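Biologist: I have a model open and want to learn to read it. Can we go feature by feature?

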Amino acid sequence: MSTKSVRVLVLVCSTRPGALGPAVGAWVAEAIGPRARELGAELVPVSLADLELPFLDEEEHPSSGVYRQEHTRRWSELADAADGFIVVTPEYNYGMPATLKNALDYLGREWAWKPMGFVSYGNTSAGTRAVQHAKQVVTTLRLVPLGATVAIRIADATEQGRVLPDAARASAATGMLEELVRVAHALRPMRERARADSTPLISLPGAYVRQLTADDAPEVAVLQRCCWVDEALANDTLDLPTLRESVAEVREWLAAWRAWGLWRDGRLLGMVRARQTGADWHIGRLAVAPDLRGQGLGRRLLQLAEAAAGPEVRRFALSTGAASSGNLALYASEGYRTLSGAIDGVVSLAKDAQPILAAVGPAEVETVRPDPR
């Protein structure tokens, strides 16, 4: 299972004044809250009434992702950040409310490959016909409706505008959450692929590259520990940041660097990071999973990082362990030269990024202050 948490939007759909929806949404959050914390799921309550979405007023088709209205961009951001949805919906005239249909129609790619569970409420049918109606729509948007649902018959389950405690109903809601989390984890590779850079930068079947974000910190921390064991052994030291950084520390540097990850089936296979200091473009944390080395992936990631440098960059700079022979061979083959002897077991290397460097004096070329590895 993925090390990432699952962000679940609990979407209350009724906008009618005095509607039961907010009370049902509050009950859902209370009933599943303890289990959500155990599963590492974050519940984000959202009311369609608060979003104030008018009837669809975007000129471009939702599949374009071109949103001109501020309310659309706000709704897109909320939905895009979610890994799954629990929809709290009434039944109006054998169907879902127009507010839910309208909210679904606003967006496109934000829905793809995410599970959606339903908590319905109504009179005779307990809202189940609204759920069946909604499922026809959400599958078209590549949402994945769950088999587990919760149906609340208003006459039996509510009193004075609140949902009465009921162990069986709470158990059903918890079971739906558990199914949603399992499906969200299973579908994560599909969601990851949809976010990827469309350029085939890495020639590994099924793999793709995208920029890393703070949400990727757990996977990055795991990859670092896997990849830097060899360097620790080669250099006879465990004093490497990559082996001791916490997830919070990884998240912190992900916010300060540009970083790219190589992914396949939801697994982080490789990474590299870079940032500019003056006219130097510092590259670091180049890593490829041990079982995939020898396929040229590290070289391609290094080239990707170099290609991201701006026109004002004059030199690429990096560092590695003095005894890391494989790293040194790779960098030498890519045109990097060693600048000086090892300092505290670390070797600094650089290469020209622009032809103008030929006119730069030797003292300037040979001086580099490497960023931490």
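Modeller: Start at a hairpin. E9 and E10 form one, with two residues between them. In that turn, Asp 265 has a positive phi of about 50°. The labels are DSSP runs numbered from the N terminus: helices are H or I with at least four residues, strands are E with at least two. This is a predicted model, where local features need pLDDT of at least 70, side-chain atom pairs count only at pLDDT 80 or more, and totals for chains, interfaces and linings use all residues. Residues are numbered from 1 along each chain as its sequence is written, and side-chain values use heavy atoms, with hydrogens and water left out.

Biologist: How many bridges join E9 to E10, and in which sense do the strands run?

Modeller: The general idea comes first. Strands of a sheet pair through backbone hydrogen bonds, either parallel or antiparallel. Two strands count as paired if DSSP finds at least two bridges between them. Here seven bridges join E9 to E10, and the two run antiparallel. Gly 261 stands opposite Met 271 in E10. E9 also pairs with E8 in the antiparallel sense, over four bridges. There, Tyr 208 has Trp 263 of E9 as its bridge partner.

Biologist: Why is E9 described as largely enclosed?

Modeller: Look at accessibility. Buried means under 20% relative accessible area, exposed means over 50%, and partly exposed lies in between (1.4 Å probe, protein chains only). Five of the seven residues of E9 are buried, so the rest of the structure largely encloses this strand.

Biologist: What is the strand order of the seven-stranded open sheet?

Modeller: The order is E8-E9-E10-E11-E12-E14-E13, with mixed pairing. E8 (208-211) and E13 are the edge strands; each has a single partner, so one side of each lacks a neighbour in the sheet. Thr 338 has Leu 349 in E14 as its bridge partner.

Biologist: Which strands does H12 touch?

Modeller: H12 packs on the sheet and touches E11, E12 and E14. Its direction makes about 160° with that of E12. Axes are lines fitted to C-alpha atoms, for helices over the stretch in contact, and angles run from 0 to 180 degrees between N-to-C directions. H11 (residues 297-307) lies across E8, E9, E10, E11, E12 and E14, at about 155° to E11.

Biologist: Is Glu 334 buried or exposed?

Modeller: At 15% relative accessibility, Glu 334 counts as buried. Glu 334 lies in the loop between H12 (325-333) and E13 (337-338). Contact means heavy atoms within 4.5 Å. Leaving aside neighbours within four places in sequence, Glu 334 is in contact with Arg 299, Leu 302, Gln 303 and Lys 351.

Biologist: What order do the strands take in the five-stranded sheet?

Modeller: This open sheet runs E2-E1-E3-E4-E5, with parallel pairing. E2 and E5 stand at the edges with a single partner strand each, so one side of each is left without a neighbour in the sheet. Neighbouring strands here are turned by 20° against each other on average, direction ignored. Five bridges join E1 to E3, which run parallel. Val 12 stands opposite Val 88 in E3.

Biologist: Which residues touch the most other members of the largest nonpolar core?

Modeller: A nonpolar core is a set of buried Ala, Val, Leu, Ile, Met, Phe, Trp, Tyr and Cys residues joined through side-chain atoms within 4.5 Å. The largest one has 30 residues; Trp 75, Phe 85, Leu 100, Leu 104, Trp 111, Met 116 and Leu 143 touch the most other members. H5 gives the largest share, five residues. Leaving aside neighbours within four places in sequence, the contacts of Trp 75 include Leu 9, Leu 51, Ala 103 and Trp 111.

Biologist: Where is the kink in H1?

Modeller: H1 has a kink of about 50° at Gly 33, shortly before Pro 34. The bend at a residue is the angle between axes fitted to the seven residues ending there and the seven starting there. Among the buried residues of H1 are Trp 27, Ile 32 and Gly 33. Just after H1, Gly 40 takes a positive phi of about 75°.
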